[in-house]
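Here is a short note to read beside the model. Please keep the structure open and find each element as it comes up.

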Amino acid sequence: MKKVKIGLLGFGTVAGGTFDILKKNAKLISKRSGCEIEVAKVFARNIEKALAKGLPAELATSNVDEVICDDTIDTIVEAIGGIEPATEYMLKSMKAGKHVVTPNKAAVAANYKELTETAIANNVSFRFEASVGGGIPALTAIQEALSGNEFLEVMGIVNGTTNYILSCMQADGMEYKDALKDAQIKGFAEADPTADVEGVDAANKLSILMTLCFDKYVKPGDIPTTGISNITMKDIEDAESKDSKIKLIASAKLSGDQLEYSVKPVLIPNSHPLASVSREYNAIYLTGDAVGELMFYGAGAGAFPTGSAVVGDVIAISKTVNKY
Ligand code: HSE
């Protein structure tokens, strides 16, 4: 059976989940893919923390080039997060002939063109399913099963932390700051949760969705964005009295030739399917000219759901790795 070697950059929440899934489901993955997928090396900035999280010492290195420049490694999973040095590492990996998989929405949204063009120029795959919607396989569906559609609208709850906070405030009467702390403990929030609560993370994801759905790249910073940090319990109660819920909605809609887009808190009537998306769950609600309306729903954050999407990309690439 062909052996495919993976290099992991980072050993945080998502990388840890990816590592565990590849180990736990190794047998069924090799049966389905026809490859033995092995994590060969892991770059960790804080080795002691990574070892404490269960990383075997023989795989660990604090020198990123030992992973990127290892000729035996086929695919790099970049999961250190942030725009730099993550983008630099991905570009370097592609130039070294390695396929790249990432859940890193900030880096993909900031440098979409350079990353995709560098992958093409170096004849390698670049996949980022986990960057939007955690475990929801929407990006692959948009690019494959739905690619015959002209998309008219995309509307999503794409940030688990803010949806978790709003749900806890609404269903449990929890204070904003307690709900945020809870989301951080559960591993949903970004290292700096300002990116979550101010809508920046959702804007990164909307930028990626717009590129794939409408072939239009908009820099995340150019998307009109309002977060949830000013939402009060009174706003939540007012929404309830109108038989609605407040949700942080990332949306883009074709209006004639123009694309209208924003990230902002929106009052969603309880009769709309997006109103029932609660806690860390995400949903992406799409309208295509042929398929009509459809909704993808699932866990939008967390080690295993996000790791599931990363592993799916790793498997898809492994099937194409030409090595026996
Ligand atoms: N901080 C992100 C969220 C993680 O809460 O959705 C998943 O992208």
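1. What you have is a predicted model. Please keep that in mind at each point below.

2. The open sheet. Six strands form an open sheet in the order β3-β2-β1-β4-β5-β6, and their pairing is parallel. β3 (60-61) and β6 stand at the edges with a single partner strand each, so one side of each has no neighbour in the sheet. In general, the strands of a sheet pair through backbone hydrogen bonds, either parallel or antiparallel.

3. Strand β1 covers residues 2-9 and strand β2 covers residues 35-43; the two pair in the parallel sense over eight bridges.

4. α14 lies across β1, β2, β4 (75-78), β5 (99-101) and β6. Relative to β5, α14 runs at about 160°.

5. The hairpin. Strand β10 (residues 281-288) and strand β11 (residues 292-299) pair in the antiparallel sense, over eight bridges. They form a hairpin, with three residues between the two strands. Y281 has A299 as its bridge partner in β11.

6. The largest pocket. How much space lies in the largest pocket? The value is about 1200 Å³. Its lining consists of 49 residues, and those nearest the centre of the pocket are G12, T13, A79, I80 and G81. Several helices give two or more residues to this lining, including α3 (47-52), α9 (160-172), α12 (200-214) and α14 (303-318). Which element gives the largest share? That is α1, with six residues.

7. Make-up of that lining. By class, the lining of the largest pocket has 20 nonpolar residues, 19 polar and ten charged.

8. The second largest pocket. About 270 Å³ of space lies in this pocket. It is lined by 15 residues, of which T116, F126, R127, F128 and Q143 are the closest to its centre. The elements that give two or more residues to the lining are α7 (112-121), β6 (126-127) and α8 (138-143). α7 gives the most, with four residues. The lining divides into seven nonpolar, four polar and four charged residues.

Conventions
Residues are numbered from 1 along each chain as its sequence is written. This is a predicted model: local features need pLDDT of at least 70, side-chain atom pairs count only at pLDDT 80 or more; totals for chains, interfaces and linings use all residues. Side-chain values use heavy atoms; hydrogens and water are left out. Two strands pair if DSSP finds at least two bridges between them. On a 1 Å grid over the protein atoms alone, a cavity is a set of points where a 1.4 Å probe fits but cannot get out, and a pocket is an open set with protein on both sides within 12 Å along at least five of seven lines; lining residues have an atom within 4 Å of a point. Grid points are joined across faces, edges and corners, and a volume is the space filled by probe spheres set on the points. Ala, Val, Leu, Ile, Met, Phe, Trp, Tyr, Cys and Pro count as nonpolar, Asp, Glu, Lys and Arg as charged, and the others, Gly among them, as polar. Contact means heavy atoms within 4.5 Å. Axes are lines fitted to C-alpha atoms, for helices over the stretch in contact, and angles run from 0 to 180 degrees between N-to-C directions.
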